[in-house]
Amino acid sequence: MCAYLAISVQAESVRTATWFISHAWSCEFMKVVDSIFDFFEKDQPGNDFTIWFDVFSNSQHDTNSKPSDWWTGTFMNAVATLENVLMIMIPWEDPIPLKRAWCVFEFYACVFTKSRFEIGMPSSERERFFSDLQLDATKYLYMLSQVKSEKSEAREKFDKDAIHDVIRKEVGFTNMDSMMFTVFQKWMIDAFEDQIRSMTEPVTRHEEEALIRWKFSLAQLFRAHGDLDESERLFVVCLESSKRIFGEDHQNTLATNNNLSEIYIQKGRFDLAEPLALDCLKRTERTVGADHHSTLASLNGLALVCESQGKYNLAESVQVPEKYDLAEPLYYECLERTKLKLGLIHPSKISLANNLAFLYKSQNKYDLAEPLFLDCLEKRTKILGKNHPSTLASIYNLAGLYEAQEK
């Protein structure tokens with residue numbers, strides 16, 4: 001079509017492209033179009049641009065005639081010349097493009113050529129994306145856990161085989177998946193930071209509450225990304241704001257308190273974690289009751305702080321033995337419900353399994369704790385990478401279990 005327009009009276013409609021549109025052909029066409037328009041209206045207002053949209057720009061029927069150097073040379077050079085890639089993510093939590101070999105290869109070309117990478121969604125999907133992550137910022141980790149470049153498919157077997165061959169030889173599937181994790185995590189953090197910057201200085205209580213929620217979600221994203229310093233900074237801001245706006249016993253304040261305590265534990269700042277964990281336990285118990293699962297989780301968290309500082313007697317007194325019978329079925333029930341609702345590799349499920357493993361360890365039920373710790377380590381390594389703080393914490397937890405058994 002572009003070739004036709006170039007020789008027609010509409011030749012002015014054809015120019016050198018500046019943006020490559022990466023999309024799955026199985027996505028609803030008008031949603032793809034809406035995503036493109038929505039992105040350039042909101043993210044590129046007033047800027048002149050020309051898109052390379054393969055539906056209109058090149059033949060989809062002769063890829064099997066391309067020599068091997070076309071994939072690593074011509075195609076890569078074309079993406080490098082455009083310098084910008086817009087990937088259409090529909091639906092955001094299980095995006096079709098991440099399962100399509102062509103889209104995976106286009107992503108690789110973008111990273112390899114150091115081109116700019118952006119994500120486009122229809123406005124309704126973008127709103128749902130922000131809403132979902134405000135409720136649980138770790139949901140995106142479940143989305144990323146679905147990324148398996150080696151299992152990506154293509155309509156034509158030749159295309160799939162050729163793309164997989166390039167990835168296998170040039171970078172490897174494990175590294176390919178890791179690159180996708182890193183880029184998508186950065187994009188999501190950037191998207192939340194842009195959203196916060198776009199908010200005016202809060203005037204009403206409603207606006208202040210909204211800003212606290214946005215910053216809390218961003219702090220969770222930084223924590224999941226492994227940036228504990230930035231996560232700590234934001235949680236400190238959120239805690240002070242939550243105390244002022246909601247009160248010290250409000251669930252939002254307690255949730256922030258608990259998250260900040262866990263950050264300090266991860267950083268080994270037990271002197272800061274202990275008073276927060278103790279305060280969170282007292283307030284949670286007073287607010288929701290001694291036997292509520294949130295109280296039991298706070299109880300377990302405080303025991304972990306004490307144990308990590310070598311305060312074993314205090315740790316034992318915090319983990320009241322008679323509470324174990326209450327905690328275990330609650331943790332187990334919560335874990336089973338989470339598996340049914342969110343799946344086996346959702347971060348919430350992994351965290352619950354980790355908590356249950358700690359409970360078993362505290363009860364000296366080492367045979368029950370070990371498989372849970374091992375499973376957490378395996379899944380965190382797969383989803384987050386071997387150098388992520390949560391993965392390293394899992395290694396530490398497993399080492400502590402073996403030390404307790406004198407293995």
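**Salt bridges and a helix pair: worked exercises**

R286 and D249 form a salt bridge (a side-chain nitrogen of Lys or Arg within 4 Å of a carboxyl oxygen of Asp or Glu), with their closest N and O atoms 3.0 Å apart. The model is a predicted one, where local features need pLDDT of at least 70, side-chain atom pairs count only at pLDDT 80 or more, and totals for chains, interfaces and linings use all residues. Residues are numbered from 1 along each chain as its sequence is written, and side-chain values use heavy atoms, leaving out hydrogens and water.

**Exercise 1.** Work out which parts R286 and D249 tie together.

*Solution.* 
- Start with location: R286 is in helix α13 and D249 in the loop between α11 and α12, so the pair links parts 37 residues apart in sequence. Helices here are DSSP runs (H or I, at least four residues).
- D249, at 31%, is partly exposed, meaning between buried (under 20%) and exposed.
- Finally, shared partners put E248, D249, D279, R283 and R286 into one salt-bridge network.

**Exercise 2.** Find how far apart in helix α11 R233 and E230 sit.

*Solution.* 
- Their closest N and O atoms are 2.6 Å apart, a salt bridge.
- Both belong to helix α11 (residues 228-245), three residues apart, so about one helical turn separates them.
- R233 is partly exposed at 44%, and so is E230 at 22%.

**Exercise 3.** Locate the partners E232 and K267.

*Solution.* 
- The closest N and O atoms of this salt bridge are 2.5 Å apart.
- E232 is in helix α11 and K267 in the loop between α12 (251-266) and α13 (270-288), so parts 35 residues apart in sequence are tied together.

Notes. Helices (H or I, at least four residues) and strands (E, at least two) are DSSP runs, numbered from the N terminus. Buried means under 20% relative accessible area, exposed over 50%, partly exposed in between (1.4 Å probe, protein chains only).
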